[in-house]
Amino acid sequence: MRARKIVTAVAAGATLMTGMAVTGQASADAADLAGAAGTFHRQTLTWHGCRTGPDDETGEKLDAAGAQCAEVTVPLDYRDPRGRTISVAISRIRATDPARRRGALLINPGGPGGSGVPQVLLAGYMPAVAARYDLIGMDPRFVGRNRQIRCRWTTDTPTRSAGPTRRTFDESVTLMKELADGCAQGDRDLLPHATTRNTARDMDVVREVLGEPKLSYLGYSYGTYLGAVYTQMFGARADRIVLDSAVGPDVYGPDLLSENGPAIAAALRNWASWAAARDAEYGLGTTEAEVLATVERVNQAATRRPLRVGPYRLGFQHVPYLLFVRLYDDRPEAYAGLAAEVRVLADAARGRTVTVPASLKETLDGLFTGSGSAEDRAGTPIICADKPATRDPQSYFRDIQAHRADEPLFGPMTRNVSPCSFWPTAPVEAPTTIGNDVPLLVVGATGDPVTPYPGQRAMHRALTGSRMVTLRGAYRHGAYLAAGDTCVDATVNRYLVDGVLPGGDTVCDRDGAPGGRR
């Protein structure tokens, strides 16, 4: 799940138990790593500045914030620890109150494919937490500043609609084959090792190299799955764990968006109601139904003939995706941006000459040229390495057809085939079964369009030692820090700083007031 907007969004009780039951599989995973990676645990880090060159704006911000960066050597294949090695980039901002320092808190923004190194910049938004922990960012293997898998793509993302017919679906099948082949021609030898389980193993090497007996963790979106896998494999080494906007543990994999259609549609309706109240400004309709009708006219026009938006031609493949990625955030400024963009698309649907809005340019550049963020290009190999996909494209078409009536706009996108169906390598180990009693905190929003609330609840149920705090009435992805909700932030901060989990599952209303327990 793409969660790279978490940091952008930020910029705009029972006492935690010290003991836990460790499953036999978790003990075996920890023992295997200790045996395989002992030499890697003993390496000495060389800390240095984070800026890599004059164009490295992120490195410049990290240096200005007092961060340090380093590289940790890990095995490419943990089954062959004496074989080929790779490095993972990490960053650190030391605890601002060393006398009360608790340990290290590793932060992952999701994706998969999101860069973790910049996440230590959250220190300025969580001062009480930053006082107690060294904040650690880690770029997962093959992501960010690490050696990346070369997938020869001319687009940033395989997420697009299959369209209205069998012919348009077959066109998407052809594209997904081409994308898979683009990865096969690049770094095929790396593909089997781009797994979440290996990233969890890398995390534990980082923990050991840092000299920490336990590791605390804050993960968003896909980062919740990574955190859950870590607790499954290394539960005895998990300290205070926060999983925000959790991925359903049984949904994660090549079809991870397959159940998102209703949640995205609900978020679109929420935005449409907001836009209808501002028809004088945006001219999209005076009621929710009228705004949604405007969106449907845009989609239908793009189905008949690609919309001319500056140098780009937006077709039926693109419109649902552009709406989806703009619905991650329900703050007024985000909704205003989407409304302005839909206004442009509506004008293009009428045949008017329009220019590319500045807010859309990076997205469209990446969508049509592959020049934007590498997050999805990096994330697809991880998903495909984690879990096998069905090799029968017809099964995806049948699924789309079965849901055309109830998911007409987003179903052909969320249920579409992916490159994993044509992936050149098979997973080398079974997917992780999530189910343990590690004490931790699950956080989420009821209207999350990216990791829908039923999946968040499923993760909570699988992690039997967890408590959950729900942001009710929010249609957004990311609740802690990103939503500006005092109730959620206070609950998470109390857990990370004082080790206090809520006595039961807690509900916070969108305005920041506690909604009660259940």
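At what angle do helix 6 and helix 16 pack, and how far apart are their axes?

Reply: The model is a predicted one. In it, helix 6 and helix 16, the latter spanning residues 393–402, pack at an angle of about 135°, and their axes are 11 Å apart. An angle over 145 degrees would count as roughly antiparallel; helix 6 and helix 16 are therefore oblique to each other. Their crossing is right-handed. On the side of helix 6 the contact is made by R166, F169 and V173, and on the side of helix 16 by P393, Q394, Y396, F397 and I400. By class, this contact of helix 6 with helix 16 has six nonpolar residues, one polar and one charged.

F142 is found in the loop between strand 5 (133–138) and helix 6 (166–187). Phi of F142 is near 70°, which is a positive value in a residue other than glycine. Another loop, between strand 4 (103–108) and helix 5 (127–132), holds P112. The peptide bond from G111 to P112 is cis, and its omega is near -5°.

The crossing of helix 11 and helix 13 is left-handed. Helix 11 brings T294, V295, R297, V298 and A301 to the contact, while helix 13 brings V342, L345, A346 and A349. Sorted by class, the contact of helix 11 with helix 13 has seven nonpolar residues, one polar and one charged.

Helix 7 passes helix 8 in a right-handed crossing. From helix 7, the contact is made by T196, R197, T199, A200, R201, M203, D204 and R207; from helix 8, by Y222, Y225, L226, V229, Y230, M233 and F234. The residues of the contact of helix 7 with helix 8 divide into nine nonpolar, two polar and four charged.

Helix 7 (196–209), helix 8 (222–234) and helix 15 (375–386) each supply at least two residues of the lining of the second largest cavity. About 70 Å³ of space lies in that cavity. Its lining consists of T195, T196, R197, Y225, V229, A385, D386, E429, A430, P431 and T432. Among these lining residues are T196, R197, Y225 and V229, which also belong to the contact of helix 7 with helix 8. The lining of the second largest cavity divides into five nonpolar, three polar and three charged residues.

Notes
Residues are numbered from 1 along each chain as its sequence is written. This is a predicted model: local features need pLDDT of at least 70, side-chain atom pairs count only at pLDDT 80 or more; totals for chains, interfaces and linings use all residues. Side-chain values use heavy atoms; hydrogens and water are left out. On a 1 Å grid over the protein atoms alone, a cavity is a set of points where a 1.4 Å probe fits but cannot get out, and a pocket is an open set with protein on both sides within 12 Å along at least five of seven lines; lining residues have an atom within 4 Å of a point. Grid points are joined across faces, edges and corners, and a volume is the space filled by probe spheres set on the points. Helices (H or I, at least four residues) and strands (E, at least two) are DSSP runs, numbered from the N terminus. Ala, Val, Leu, Ile, Met, Phe, Trp, Tyr, Cys and Pro count as nonpolar, Asp, Glu, Lys and Arg as charged, and the others, Gly among them, as polar. A crossing is left-handed if the near helix is turned anticlockwise from the far one by less than a right angle, and right-handed if clockwise. Contact means heavy atoms within 4.5 Å. Axes are lines fitted to C-alpha atoms, for helices over the stretch in contact, and angles run from 0 to 180 degrees between N-to-C directions. Angles under 35 degrees count as roughly parallel, over 145 as roughly antiparallel, 65 to 115 as roughly perpendicular and the rest as oblique.
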